[in-house]
Protein chains: 2
Amino acid sequence: MTKIGILGYGNLGRGVECAIKQNDDMELACVFTRRDPAGVKILTDGAKVVSVNDIQNYRDAIDVLIICGGSATDLPKQTPEYAKYFNVIDSFDTHAKIPEHFANVDRSAKEGGNIALISVGWDPGMFSLNRVYANAILSDGADYTFWGRGVSQGHSDAIRRIEGVVDARQYTCPVESAVESVRRGEQPELSTRQKHTRECYVVAAEGADKAKIEKEIKEMPNYFADYDTTVKFISKEELERDHKGIPHGGMVIRSGRTGWNLENRHVIEYSLKLDSNPEFTSSVLIAYARAAMRMHAEGQRGCRTVLDVPPAYLSPMSDEELRAHML
Amino acid sequence: MTKIGILGYGNLGRGVECAIKQNDDMELACVFTRRDPAGVKILTDGAKVVSVNDIQNYRDAIDVLIICGGSATDLPKQTPEYAKYFNVIDSFDTHAKIPEHFANVDRSAKEGGNIALISVGWDPGMFSLNRVYANAILSDGADYTFWGRGVSQGHSDAIRRIEGVVDARQYTCPVESAVESVRRGEQPELSTRQKHTRECYVVAAEGADKAKIEKEIKEMPNYFADYDTTVKFISKEELERDHKGIPHGGMVIRSGRTGWNLENRHVIEYSLKLDSNPEFTSSVLIAYARAAMRMHAEGQRGCRTVLDVPPAYLSPMSDEELRAHML
């Protein structure tokens with residue numbers, strides 16, 4: 001039985017709690033929170049809710065700590081800090097800062113004699129390892145990643161900050177014709193605009209200038225200006241009813257050529273269609289918690305990523321069972 | 001530079017030769033053949049063609065031996081035999097006999113102080129590891145594997161053995177409506193007939209009884225009786241012109257549920273569209289040759305499968321480069 005600690009009880013933390021329930025070799029020991037523990041209600045009977053200030057007292061009660069904070073400000077501090085005391089896993093997803101985060105976590109984890117797995121999830125995560133596999137197999141080729149149709153929290157937040165907006169939900173959508181071209185192995189060169197569109201559902205305040213809001217969204221640099229963006233105004237009730245979920249997904253495609261004169265084409269595609277982005281990410285985190293235990297038991301110390309973990313380590317099956325039934 | 005030896009120069013051996021050309025850190029040292037070496041013409045300047053009887057003299061000239069024989073009779077003998085003298089890789093694909101093959105190869109490889117990777121390719125191979133990843137992530141779900149549209153050599157051969165048949169080509173095709181249902185997350189129960197159809201292109205001898213041939217194909221037990229099979233008679237020229245390639249592919253799909261009450265659905269799909277089945281398999285073999293070198297250098301000995309190999313080991317990039325650019 002692997003005893004899991006969850007640090008941070010938002011969408012991701014709750015997702016981890018649900019994933020633990022689905023895995024018989026996993027047990028939720030503790031949820032650590034920065035809030036008043038008395039005000040945090042969790043779903044699991046018998047698991048504790050504890051203030052993060054007391055986390056040091058739980059070093060023997062936890063095999064793996066899953067850190068469910070945000071990548072912007074939480075994880076860069078939390079993961080190096082707690083890797084000193086626990087085997088840890090995070091889903092750090094600021095791609096450009098991974099090498100720096102890795103170095104910080106590696107130092108702490110080695111100091112504490114622990115194993116740490118960072119950037120676990122689907123992108124980075126499953127998408128990353130599919131990029132690596134596909135590139136290693138098809139050395140002559142082109143990579144494509146499409147995201148969606150799915151909710152982008154960052155873009156939804158950007159719309160909410162506009163004057164006169166009460167609430168908003170933004171969906172990132174792959175351009176179907178671009179995906180089809182890539183799937184046919186055509187290796188097109190695609191601009192930002194040719195790859196994704198952005199769909200915005202906006203609840204405006206009474207009397208707000210909708211034309212002005214729409215213009216402000218569509219011209220927002222970085223977020224929307226480089227995309228074909230559609231804006232639809234809906235009621236608060238419609239938003240609640242039709243846009244409550246957090247679906248996401250996407251695909252990683254590599255198209256490449258082989259043969260003495262590169263005469264043959266191949267297309268490798270990995271795709272995800274997810275009803276709940278945080279619950280899927282959580283399910284990946286729990287599978288890697290299993291791997292972390294095995295790596296630690298082998299004597300591995302320091303920071304690793306999904307690229308360093310053999311597929312078999314994620315499975316509750318023995319190597320013999322895997323060879324007999326899954327290979 | 002990794003020096004590769006190829007044992008067996010058929011479609012797969014030639015594919016490996018082409019894949020070596022595409023990878024700057026790989027070099028073809030020798031092709032070993034059971035035929036008279038004088039009669040075997042290869043494509044690579046500077047590489048030798050040598051009788052398999054002299055293979056022992058090349059132990060220092062080869063880092064990894066890629067064994068390109070058939071799974072029915074060649075590999076069960078060859079891989080255990082040569083694992084005593086070389087680091088070896090094969091694409092053994094008789095799923096039911098993998099545990100036995102593994103045990104035999106493991107014994108030899110340990111005896112010789114070598115590393116061996118068996119069942120490398122796409123199924124078993126990339127499909128297997130995608131099954132393992134998807135099962136580890138979605139513990140509550142259902143697995144589906146579809147093959148094709150692609151040429152089945154075994155089924156083509158079975159048709160050729162019928163009286164009055166000059167030549168034949170059989171394509172295995174996934175049933176599109178079944179694939180779509182699985183992709184929607186519906187978890188259907190599918191019979192053999194509901195998953196795949198079989199398309200046969202047959203060249204009949206002059207004066208042959210075509211109705212009889214068609215009946216014999218469609219009623220052939222194991223091969224065709226359980227499938228909706230179509231038979232089309234074509235000329236030898238048409239077969240040459242339209243059916244010369246060896247395309248294949250397919251998809252591994254897992255559909256599963258998460259959430260406290262399993263309220264959310266997810267679909268993970270890995271799919272391949274391949275112009276040349278042997279050349280793609282060869283490209284996988286070469287990527288795992290790179291991994292074998294690294295595992296051997298680490299001191300690993302004995303037999304392994306794709307499930308035991310960290311994704312990073314397949315890549316020519318360093319771990320630092322992978323984290324910076326691929327994660």
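In the predicted model, helix α10 (residues 277-297) of chain B lies across β1, β2, β4, β5, β6 (115-117) and β14 of chain B, at about 150° to β5(B). Helices (H or I, at least four residues) and strands (E, at least two) are DSSP runs numbered from the N terminus; axes are lines fitted to C-alpha atoms, for helices over the stretch in contact, and angles run from 0 to 180 degrees between N-to-C directions. Helix α1 (residues 11-21) of chain B lies across β1 (2-7), β2 (26-33) and β4 of chain B, and its direction makes an angle of about 165° with β1(B).

In chain B, seven strands form an open sheet with parallel pairing, in the order β3-β2-β1-β4-β5-β6-β14; two strands pair if DSSP finds at least two bridges between them. Its edge strands, β3 (48-51) and β14 (302-304) of chain B, each pair on one side only. On average, neighbouring strands of this sheet are turned by 25° against each other, direction ignored. Four bridges link β4 (residues 64-67) and β5 (residues 87-90) of chain B in the parallel sense, and Leu65(B) stands opposite Val88(B) in β5(B).

Strand pairing also occurs between the chains: nine bridges join β13(A) to β13 (residues 264-274) of chain B, and the two strands run antiparallel. Within this pairing, Ile268(A) has Leu272(B) as its bridge partner.

The contact (heavy atoms within 4.5 Å) takes 70 residues from chain A and 70 residues from chain B. About 6100 Å² is buried between the chains, with carbon and sulfur atoms giving 62%; buried area is the accessible area (1.4 Å probe) that two parts lose on being put together, summed over both. Trp260(A), Arg323(A) and Leu327(A) supply 15% of the area that chain A buries against chain B, more than any other three residues.

Across the interface, 28 residue pairs are in polar contact, both residues at pLDDT 80 or more. A polar contact is a pair of N or O atoms within 3.5 Å; within protein, one must be able to donate a hydrogen and the other to accept it, and residues adjacent in sequence count only if both atoms are side-chain atoms. The largest share of the side of chain A that touches chain B, eleven residues, comes from β13(A).

Residues are numbered from 1 along each chain as its sequence is written, chains are lettered from A and ligands numbered from 1 in the order in which they are written, and side-chain values use heavy atoms, with hydrogens and water left out. Local features need pLDDT of at least 70 and side-chain atom pairs count only at pLDDT 80 or more, whereas totals for chains, interfaces and linings use all residues.
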